[in-house]
Amino acid sequence: MTSSIALLDKILHRIDHPYRLPAIPVDASKAQETDPATELAIVIEQARAAAAGEVAPDAALKRRFIQALARMICDAMHPESGDPAFQAIVLRHRSIQVREYASLQAHADQDRRKVRTVVNAIAHPAKQQRIPPGRPRESLAQLHRLADAASWSAVAATAQGASTMIELANEPSIRNGLTQLLDSSALKRLTRLQHLTSDALVRRYQSLWHRHGPRSGSPSAIAQGIASQQRGAAVEASAEEALNVLAHRLNQMEETPTRYRVVTSMRVPASIPASAEFAKGEWDAVLLRKADTTDDPASWDVALLVEAKASVDAATKDLPRLLRGLALLGHADENLVYSFETRQGSVPLRGASLRALAGAETNLAGTVLYCCDAPVEAATHLLGAAGRMQLLSAPASMDFAAALADEHPADALTLEAVWHQLTKSPRWKTVLHQYLIMRQARSLMVRATDLLDAITSVAG
């Protein structure tokens, strides 16, 4: 082992990992004192451990799961302190008109573009000038104004009136456009959507989603998206800066001053012979080491892979994709050199170095870091957001919640179906392993300042 490799190993072992979780969340004997989400996380982890040991979870564990899930659903359905997003989903589950509204709303943006394209083809202000002044031209102007205002029922009525005008009927392009508009399924859906917005349950549904967060495409949602992108870019920049400091320190240990370098946005080439489906295809920042080979002295090896994430949940969600990304790189031919595109240009990486990543899962901490700037929580949420929502959205959970909303007797035993899905169905594997995945992801998470501190500490 060269001095720089030994130094890198020391630094990686010295880094503080403030997000790390214990193997066992909390003492199971204190289950009644925990909130239902924490209790569920504990029970699910114990069920996973039992399955890993080829032992069937006992009836007591199932009973705790059902009781905790019932408590979590009741909490989520509380009128004041509950979860508005879940309540909206339950309302959609209970109401035919809300389901129809939600279905139409999902395609509304595309439908609006289609209708406005047809309207502009016949009633754009520039096209209106071709019609002599009078009622026909005013009718087209009104059609255009109404489409801009998203008054779809009025658009349909105005188009119907315009189609009966002889002056417009004698214009083939306008006549065909009006016929296309009136026959448009997109306009029919938008008209129905507009009608449904007056329904009391639909208004309640809209209110719940508004409480959950800004509507998609709204100025507030766009502003949040921009802020999120800026924060993500800031995390990536801090990770790159810390890696450059690390590369500089390692280069000081070498006779060749450019033995280590950092590249960003490293894209995996399609020439690696494996499926890239659901695998990470781009790495945020990578520390490279000049290859020890005379066959291709210009080639490089991977020394450390770094992903930048703005939150713990983002890293946890990303981990399965990251592991598939490592497996993808591990399919490289060890006798070849692959060209990777980065922000710093093309970089040749040895297949042997990439192939070694296939076994990195046994020592991820020496191969991958998640760089994060999120504050370390005083109390950790042991049940991840995605797992929580999958539990709440299971059909049996929805029926239980609907009974609560309708003030009907809600039998918690119906939630046994969720337990069977969790412990038997492959589709629930991510939830069953959710604490293991979270723990593994958090064990790889560091702050950029933690890495810098470790470099200074070892160097000192």
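Which residues lie nearest the centre of the second largest pocket? The first legend takes that up, after a word on the model.

This is a predicted model, in which local features need pLDDT of at least 70 and side-chain atom pairs count only at pLDDT 80 or more, while totals for chains, interfaces and linings use all residues. Residues are numbered from 1 along each chain as its sequence is written, and side-chain values use heavy atoms, with hydrogens and water left out.

**View 1. The second largest pocket has 23 lining residues.** Thr316, Pro320, Thr430, Gln434 and Ile437 are the ones nearest its centre. A pocket here is an open set of points on a 1 Å grid over the protein atoms alone, with protein on both sides within 12 Å along at least five of seven lines, and a lining residue has an atom within 4 Å of a point. The volume comes to about 590 Å³, counted as the space filled by probe spheres set on the points, which are joined across faces, edges and corners. Helix α15 (312-329) is one of the elements with at least two lining residues, along with α17 (385-393), α20 (429-432) and α21 (434-443). The biggest share is from α15, with 8 residues. Helices (H or I, at least four residues) and strands (E, at least two) are DSSP runs, numbered from the N terminus. By type, the lining splits into 10 nonpolar, 8 polar and 5 charged residues. Nonpolar covers Ala, Val, Leu, Ile, Met, Phe, Trp, Tyr, Cys and Pro; charged covers Asp, Glu, Lys and Arg; the others, Gly among them, are polar.

**View 2. Here is the largest cavity, with about 40 Å³ of space.** The structure holds 1 cavity of 30 Å³ or more, a cavity being a set of points where a 1.4 Å probe fits but cannot get out. Its lining is made up of Ala239, Ala242, Leu243, Val306, Leu369, Tyr370, Cys371, Val446 and Leu451. That's 9 nonpolar residues, with no polar and no charged ones. Both α14 (219-251) and β6 (368-372) put in at least two residues.

**View 3. A search for disulfides across the whole structure turns up 0.** To count, two cysteine sulfur atoms must be within 2.5 Å. For cysteine 371, the nearest cysteine sulfur belongs to cysteine 372, 7.8 Å away. Cysteine 371 is buried at 6% relative accessibility, whereas cysteine 74 is partly exposed at 37%. Buried means under 20% relative accessible area, exposed over 50%, and partly exposed in between (1.4 Å probe, protein chains only).

**View 4. Phenylalanine 65 and tryptophan 419 make a tilted aromatic pair.** The structure has 3 aromatic pairs; rings of Phe, Tyr and Trp (its six-membered ring) pair if their centres lie within 6.5 Å, with planes under 30 degrees apart called stacked, over 60 edge-to-face and the rest tilted. In this one the centres are 5.2 Å apart and the planes 55 degrees. Phenylalanine 65 sits in helix α3 (residues 59-76) and tryptophan 419 in helix α19 (residues 416-424), so the pair ties together parts 354 residues apart in sequence. Phenylalanine 65 is buried at 0%, and tryptophan 419 is buried at 5%.

View 5. Tyrosine 205 is buried at 6%, but tryptophan 209 is partly exposed at 29%. Tyr101, Tyr205 and Trp209 form one aromatic cluster.
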